[in-house]
Amino acid sequence: RCYDTRFLYREAVLKAASLAHDFAVYLGFNEEGAENVKLAAMYQDVGMVLIPDEIALSGASAPQGSKMIQREHVLHSHAMALHFPNMRQAADIILCAHENWDGYGYPRGIRGQKIPLESRIVFITNNYAYWITPKPKGSNLTREDAIAKLRSEAGKMYDPDMVEWFVNFLDT
């Protein structure tokens, strides 16, 4: 196993969890609800440990068949979370945290308001945190470029209202 590579982005995960919690509070969630969103943000990709390294580490360059296997990590993450009583609510958030607003996400292909609000929070905050976190090869985005990327995908990947609320949250 490539332990170092899989956990290289620990900083992005911790940043995403913090952002998810604080954004949920900003949106009016109580502390318990915000904590469930935080847990989901932290553990949404834990199922990647069950995906073979050659597929898990190929990212966007994965061949089509490999992408289907890679996407199974969501189901693994969901199943793993269900084993822990304090993660049951987070598990349901995890299951939908890769669903696109337009219905082209995974694993279920649900769209729009059918995607739980908590999952939409996790999707935006995790992507934003990943984009802005410095990487070994210096391929991170600036805050402004990350916001522009979120806005360019509003209505496709992301809930357009959620994107604007997130931008407003970042400005507070």
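This is a predicted model: local features need pLDDT of at least 70, side-chain atom pairs count only at pLDDT 80 or more; totals for chains, interfaces and linings use all residues.

The mean pLDDT of the protein is 90, and 90% of its residues reach 70 or more. Residues 1–7 are another matter: pLDDT stays under 50 there, and the model has 16 contacts beyond four places in sequence for that stretch.

Now the charged pairs. Side chains of opposite charge can pair when their charged atoms come close. How many salt bridges does the count come to? The count is three.

Take D159 and R120. Their side chains form a salt bridge, with N and O 2.5 Å apart. D159 is in the loop between α9 (143–153) and α10 (160–170), and R120 is in helix α8 (residues 117–132), so this pair ties together parts that are 39 residues apart in sequence. Are these two residues buried or exposed? D159 is buried, at a relative accessible area of 4%, and R120 is buried as well, at 9%.

Next, D171 and R143. The closest N and O atoms of this salt bridge are 2.8 Å apart. D171 sits in the segment after α10 and R143 in helix α9, 28 residues apart, and the pair links these distant parts of the chain. D171 counts as exposed, at 53% relative accessibility, while R143 counts as partly exposed, at 31%.

Then there are R151 and E164, whose side chains meet in a salt bridge at 2.9 Å, N to O. Here the link runs from R151 in helix α9 to E164 in helix α10, 13 residues apart. R151 is partly exposed, with a relative accessible area of 41%. E164 is also partly exposed, at 32% relative accessibility.

That brings me to α9 itself. Which residues in α9 are buried? They are A146, I147 and L150. Seen down the axis of α9, the buried residues fall within an arc of 100°, so they line one face of the helix. For background, an α-helix has 3.6 residues a turn, so residues three or four places apart point the same way. What covers the buried residues of α9? The cover includes α8 and α10. After α9 comes G155, whose phi is positive, near 90°.

To recap, helix α9 holds R143, which pairs with D171 in the segment after α10, and R151, which pairs with E164 in α10. The buried residues of α9 line one face of the helix. That is all I have.

Methods. Residues are numbered from 1 along each chain as its sequence is written. Side-chain values use heavy atoms; hydrogens and water are left out. A salt bridge is a side-chain nitrogen of Lys or Arg within 4 Å of a carboxyl oxygen of Asp or Glu. Helices (H or I, at least four residues) and strands (E, at least two) are DSSP runs, numbered from the N terminus. Buried means under 20% relative accessible area, exposed over 50%, partly exposed in between (1.4 Å probe, protein chains only). pLDDT is the predictor's confidence in each residue, from 0 to 100. Contact means heavy atoms within 4.5 Å. The arc is that of the directions from the helix axis to the C-beta atoms.
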